[in-house]
Amino acid sequence: MAVRDRAHDQQRPGAGGGELTDSPAVSASGLTKSYGERVAVAGIDFAVEPGICFGFLGPNGAGKTTTMKMIYGLATIDGGDLDVLGMDASRERREIKSRLGVVPQETNLDGDLTVRENLLQQARYFGIDAAKATERATELLDFSLLSDRGNERIHALSGGMKRRLLISRALMGDPELVVLDEPTTGLDPQARLAVWNALDRLRRRGVTLIITTHYMEEAERLCDRLVIMDEGRIVAEGRPSDLVRSHVGREVLELKLDADCDAERLVGSLDGRIQGHDLSERTLMLYADNAEAVLEGLDHDVFPTESALVRRATLEDVFLRLTGRSLRE
Amino acid sequence: MLDEPGYAGLGPRIPLREMMPVPRLAGAVWLRNARVFSKLWRGALLPTFLDPFLYLLALGFGLGTYIANINGIPYKEFIAPGLIASAAMWSSAFETTYNVYFRMNELRLYDNVLSTPVEVQDVVAGDLAWSASRATIYGLVVLAVVAIFGLISSWWALLIPPFVVIGSICFSVIGYTFTTLIPKIDLYSYFFTLGITPMFLFSGLFFPFSQLPDWVHVVAWFMPLYHLVEITRGLATGPEFWSVVGNAAWLAALSALLFTIPVRALRKKLVA
């Protein structure tokens, strides 16, 4: 995987994650998966150290959910190796699942049961005895701030409450690893913050988290390390801040060009002063460590612009640079 | 996608060792269904009381007035034990078609269940066990009703329940197999119109086969309901031992033979 190796090379010495003292919680090599003709995952390698939050970013259809499903045993593996908690994911499904929690993308709570019953039923699927299950359910209702909602029906809950309950449900089996597929999609800012706080608490307890998202600020806030996937491949891997620095630089100069401004000549005139650029319709992004200086050096008579904005580079810039700006459907 | 799960097919062969459910986990699946039923049973059971009552009224007391005896027993006594068997069949058929379909494709419950230590064979076993339990409850309600009407003439009828369990498992496996193989919900109308209803009418429940040509016997032999009706009628009127054993063996054998199909199909569908 050439692209991935480049991401490694660009990593600064000492800036990588912690030392690999334990064996990885999840590791994949050459992992592939197709649905008929469509290749969903096209040979990926990654390793998730225990105790960290590891992110999978990518546009829709990049292969994130399929990768998650292979980890938690709801998709078969076509090729390559996938080890989860030291076990072979294609052979030891039941054992892996007994130490794993899953928060699926779709809300699939049991609408015929109450909030508390949903948790108690989950405990039965893990073979947990009734007394222990009751104790854990009470504890986890508290954890997800749903203590006063235990006897309500599922449809009486808001979207944010349902998502928190899904997280609590995933924790009933006391997992070492929790896989969350887009845990905050469709939530309002307060509900999202509540989910983030819950995930922070989990990580402090030493639970390994694997999360997919296409919210960049979520990935920057939560993930210790992440990979960016596109069309079934991993196109970048590293710590969020390192990825921003190595792929984009510190700052972005965002120019809205006049109709008669020649973008190519403009970029050519800045040779050596910028780390890269992207053009989307009339908006030109210039990546540099000091964008203010680039702006000052620009001849506005030769290159007329409607507006100019200097801002900090974010993971979103990396994401769009690597996966393109065109719509993915 | 939600409305039409699509035809997934039978899926690859699974080694026998992986077909064996874990009783505790199948029990967890059973318990979920039982828990939900326990919230709804009052509304669900009332029609079960009324159903055999209406059949007895229309056929036993209405039509039966014009029919003297069948094989020496009054007509209402002739059909009463069969209504126990058909109640179990109808219950099994509804539970393993619409109810399972709804849990699987609309509520998406199995996606969650299968991400816990529960595997497909545990889900199938738990659901079948539940469907058979529910069908047995329904059958026993009918048994109670017809007994109250004085239509049971033998103490052997006390042995009916375990055979209703065996028959219900067989009906349930058939319905479950159908559910895991169909691409869309519309096909259930074929299942009921071409499968369940003809079986209800032509399994010797309402008229005996003794006067009919041989090929009718051959066709009937392939119908599970025929075998359960033979058992319940035998026990309600005084049984022949080998007939009961033979019919029960037929039902058990078909159940065991079919069990692998929904397991393979469901694994293909949900763990693709």
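1. The model is a predicted one. A:Ser280 stands opposite A:Thr283 of strand 13.

2. Strand 13 of chain A also pairs with strand 11 (residues 251–257) of chain A. The sense is antiparallel, over 6 bridges. Here A:Tyr287 of strand 13 has A:Val252 opposite.

3. How many residues of strand 13 of chain A are buried? The count is 5 of the 6 in residues 283–288, so the strand is largely enclosed by the rest of the structure.

4. The largest nonpolar core holds 159 residues. A:Val179, A:Leu209 and A:Leu286 touch the most other members. Helix 5 (residues 120–148) of chain B gives the most to this core, with 14 residues.

5. Leaving out residues up to four places away in sequence, A:Leu209 touches A:Cys53, A:Phe54, A:Val178, A:Leu180, A:Leu199, A:Leu202 and A:Arg203.

6. In chain B, helix 3 (residues 75–106) packs with helix 6 (residues 160–181) at an angle of about 35°. Their axes are 8 Å apart. The crossing is right-handed. Among the contact residues are B:Ala88, B:Ser92 and B:Glu95 of helix 3, and B:Gly167, B:Phe171 and B:Gly175 of helix 6. The residues of this contact divide into 12 nonpolar, 8 polar and 1 charged.

Note on methods:
Residues are numbered from 1 along each chain as its sequence is written. Chains are lettered from A and ligands numbered from 1 in the order in which they are written. This is a predicted model: local features need pLDDT of at least 70, side-chain atom pairs count only at pLDDT 80 or more; totals for chains, interfaces and linings use all residues. Axes are lines fitted to C-alpha atoms, for helices over the stretch in contact, and angles run from 0 to 180 degrees between N-to-C directions. Helices (H or I, at least four residues) and strands (E, at least two) are DSSP runs, numbered from the N terminus. A crossing is left-handed if the near helix is turned anticlockwise from the far one by less than a right angle, and right-handed if clockwise. Two residues are in contact if their C-beta atoms, placed from the backbone, lie within 7 Å. Ala, Val, Leu, Ile, Met, Phe, Trp, Tyr, Cys and Pro count as nonpolar, Asp, Glu, Lys and Arg as charged, and the others, Gly among them, as polar. A nonpolar core is a set of buried Ala, Val, Leu, Ile, Met, Phe, Trp, Tyr and Cys residues joined through C-beta atoms within 7 Å. A residue is buried if 20 or more other C-beta atoms lie within 10 Å of its own, exposed if 12 or fewer, and partly exposed in between; C-beta atoms are placed from the backbone. Two strands pair if DSSP finds at least two bridges between them.
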